[in-house]
Amino acid sequence: MTAGVIACDPAEQQSPRWVTERGQRAVFCGLTSIVWLHRKIQDAFFLVVGSRTCAHLVQSAAGVMIFAEPRFATAVLQDRDLAGMADCHEELDRVVAEVLARRPNLKTLFLVGSCPSEVIKLDLDNAAARLRRQHKGSLRVVAYSGSGIETTFTQGEDSCLSALAHELPSSNVDQLLVVGTLADVIEDQFTRLFNAMGIANVAYFPGRQSEALPEVGAGTRVLLAQQYLGDTARVLTDRGCTLLEAPYPLGAEGTEAWVRAAAAAFDIDDTAVEMAVAAPKARAEKALRALRPELDGRTISFLPDSQLEVPLARFLQRECGMQPLEVATPFYDGRTLAGEQAWLPDGVNWFEGQDLDPALDRLRASRPDLTVCGLGIANPLEAEGLRTKWSIELVFSPIQGFDQAADLAELFARPLRREQQLEVGAWS
Amino acid sequence: MELTVWTYEGPPHVGAIRIAASMRDVHLVLHAPQGDTYADLLFTMIEREPSRPPVTYTTFQARDLGASTAELVLGTLRSAAERFRPQVLMVADSCTAELLQDQPGTLAQGAGLNVPVVPLEMAAYSRKENWGASETFFQLVRALLAKRVPPPGERYQRQPRDVPSVNIIGPSKLGFRCRDDVREIVSLLESVGVHVNVVAPLSASPTDLMRLPEADANVSLYPEVAAATCSWLARQFHQPTISTVPIGYGATRDFLAEVGETLGIDIDMTQFDDCRLPWYSRSIDSTYLTGKRAFVFGDATHVIAIAKVAQSEMGFEVVGVGTYSREMAREVRLVAKELGVDALITDNYLEVERAIESLKPEIVLGTQMERHTAKRLGIACAVISTPAHVQDYPARYSPQMGFEGANVLFDTFVHPLVMGLEEHLLNMFRDDFEFNDQAVPSHLGAGEGHASVAQSAEIVPINGVAWADCAQKELQKIPFFVRGKARRNTERFALDRGLTTIDVETLYEAKAHFGR
């Protein structure tokens, strides 16, 4: 349904004009981020307090990957909980005890709010405080909401990290704090790079173990690894940290600007930066040159999904020669996109939010060479002759940094190459 | 609250979407928050559907809760009715919307829409997916046929026909091999001179559903989805229900016999002598299948049929059966009793995993959940039921039902097993460095070798009885599914005799003692 098109906030007038759409959305809710967060934070358990739908969603998004008993589960609300026959807090304590009996070595338990728990106003913050008292410091219990009425997809990570950010110990030590889940291999690359430049103290949030939380305070310079972490950035700046303005580390150019923002904040001289960056940057540019012919001049549109759409469009336009037609993102956050503004391509229709059916109509009219979209609509668009790239793969793959720049471009080149290669079926 | 790690079934509204997605010319408006649209990917990714399911979600957000979500429902209903122009519009709540009590069904009925509306109540906090599918289909059929129900005491007057006819009820999207089962069963029925009047919900339109009363009987092909509707049709339109599920060679013959008896026709069974399962199973190379320990778990329809196939047509020994379909627990218990085993009725996959661990089957016939468990335990597995994954929707024709389905089952169950002579060689030369019982069957490629449980770790001494190294090694030469029992027996034997160390001799003394 078309609920109307609303002009954007006048404060953002200097940036490209964003159109806000309201209507049916085809995005995951914030619970989905548990799929990668529980792999990243290896001593934490994520307990969704919700319905069977929540359990089914996380399981479907995770692709039924039952390799081991997962470190997430759902406390499924029953009729008797809603009818007041059972005390929800007592029930929750019982379920948590069950989880802890199975997993005695947990260090952190996240109580994750869902649509139904928000609607019945189940106070999970209160529950977290109570459980924390019960377990007397042996277990950190943190509540946050991953509900679809408040969060989309990657925003669940922001919700989780902003809750956890309140827990970080205070310290005024000089350090660089990289915020946002990164693949372990990328963390290691960035640490080597920052160390080579002369930034010795580099911490990551979230870390691989929830016990080793970074300390934060006035000496902490925060560099966001992803743009969807606005709330977390706000909590950290409230705690005295300095938020660095930078483009996101996608592509050679984005990565260079991102590490340079850190270098500037630590007064690193240019020679040291040049020396550290030169070799990986040259590698990235060389690898990208090889892929550019496949992408150059091809058109691309983004349906709103991962919240990575804006920096991806910038990378594909500036470093791969693609032409973005329409870029839509679940929500627009001018603050976290400040570092990208100068590089945003011209001639693009920018959308915030979604009204699915009209958006699909526009796509059918413009017929881009490639469409980035959620899993649910990829095959239907393929069946209409449009080539697609699932956005969830962009969240699950190591794509940041110099040495992944070409891997990122490859994700977009592959569907186009496949179209050239296949002699069965029809795409165009 | 109920702690749920993995779930066998989705919520009931996913069942409603399955019915909408199965049919033509219907549309479902689902009052649901953003995020619930994940259900689209079940159809477009797992079943590779080339179009979105015919569902419009209201996608309410926190900011809408302060205002009127009812307005949002009305706006969505109007635009969906206008854009998709369905023959019937179904309206339902997802779990969160149920709490808002906007009553979207009532709103839709009062909205002056130019389309018949079928409101659905999904009971999200007590029911599950298969119930939702059954209920949705039943409400749709009942709404469409309400005006045709004869007054009490009168019988529905069917159009006279030259040939007997049946409806096939139950196949749906995201069901297990429904697409191919329908093709197999339709052609089977046609080959014995039975006309198939309507197949529903798969590929049916509301207009087709209006023709349901014209058949002489209903085939309840998948009782989880079909039983409620079949029983209503039987009461209102005097259509008997054919309830044998034709999975397996014997069941397919029983099904045909029931069709013949119900419709009063003679069916010549000799025309079906070309089914390969009976001969393949009698073929001498299949001897090694005798007594293979099989564990069967899944939806009730498949479990009931497959347990019988495994026991009587493959010659396995069924060591456990179970289902997550609580609605059909009684039927599964009956089958378990016939087989002399306990039925496991649970939707907790951890309980199923524990059952598999303790029963130590050589093959698991289960769902995708059990496939993962079996893989972890190094046990052969074939998937026989939903929940299924993309690989369970194969490109080739691969029915489970009918005589071709029986052939498919034979292949499916034999494929993951170690072949007869290969098994003998594995048993004879256990220390062979490249050919041992941790290696996967030679036709299945590398990389999925047996894991933890098959080869248990260092044996911890119990009650002061220790295992000598040589005895431990000898124990590893015993097939893993009897190894645990051999170990326990030997330890008991040693304890009874006051031995402190078990050596190779003790092991064989114990074997002889308990083997009597």
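**Close-ups of a predicted two-chain model**

In β1(B), Thr4(B) is the bridge partner of Thr74(A). This is a predicted model, where local features need pLDDT of at least 70, side-chain atom pairs count only at pLDDT 80 or more, and totals for chains, interfaces and linings use all residues. Residues are numbered from 1 along each chain as its sequence is written, while chains are lettered from A and ligands numbered from 1 in the order in which they are written.

**View 1. β4(A) pairs with β1(B).** The Thr74(A)–Thr4(B) partners sit in an antiparallel pairing over 3 bridges, with β1(B) covering residues 2-4. Strands here are DSSP runs (E, at least two residues), helices are runs of H or I with at least four, and both are numbered from the N terminus. Two strands pair if DSSP finds at least two bridges between them.

**View 2. An open sheet of 5 strands takes in both chains.** Read it as β6(A)-β5(A)-β3(A)-β4(A)-β1(B), with mixed pairing. The edge strands, each pairing on one side only, are β6 (140-145) of chain A and β1 of chain B. From one strand to the next, the twist averages 25°. Over at β5(A) (residues 108-113), the pairing with β6(A) is parallel, with 6 bridges; Thr108(A) has Arg140(A) as its bridge partner in β6(A).

**View 3. Helices α4(A) and α7(A) against the strands.** α4(A) lies across β3 (44-50), β4 and β5 of chain A plus β1 of chain B, at about 150° to β3(A). α7(A) (residues 155-165) packs on the sheet, touching β5 and β6 of chain A, and its direction makes about 140° with that of β6(A). Axes are lines fitted to C-alpha atoms (for helices, over the stretch in contact), and angles run from 0 to 180 degrees between N-to-C directions.

**View 4. Where chain A touches chain B.** The contact takes 53 residues from chain A and 50 from chain B; residues count as in contact if their C-beta atoms, placed from the backbone, lie within 7 Å. On the chain A side, elements giving two or more residues include α2 (52-61), β4 (72-76) and α4 (88-102). The largest share, 8 residues, comes from α2(A). By class, that side has 31 nonpolar, 13 polar and 9 charged residues. Nonpolar covers Ala, Val, Leu, Ile, Met, Phe, Trp, Tyr, Cys and Pro; charged covers Asp, Glu, Lys and Arg; the others, Gly among them, are polar.

Conventions
Contact = placed C-beta atoms within 7 Å.
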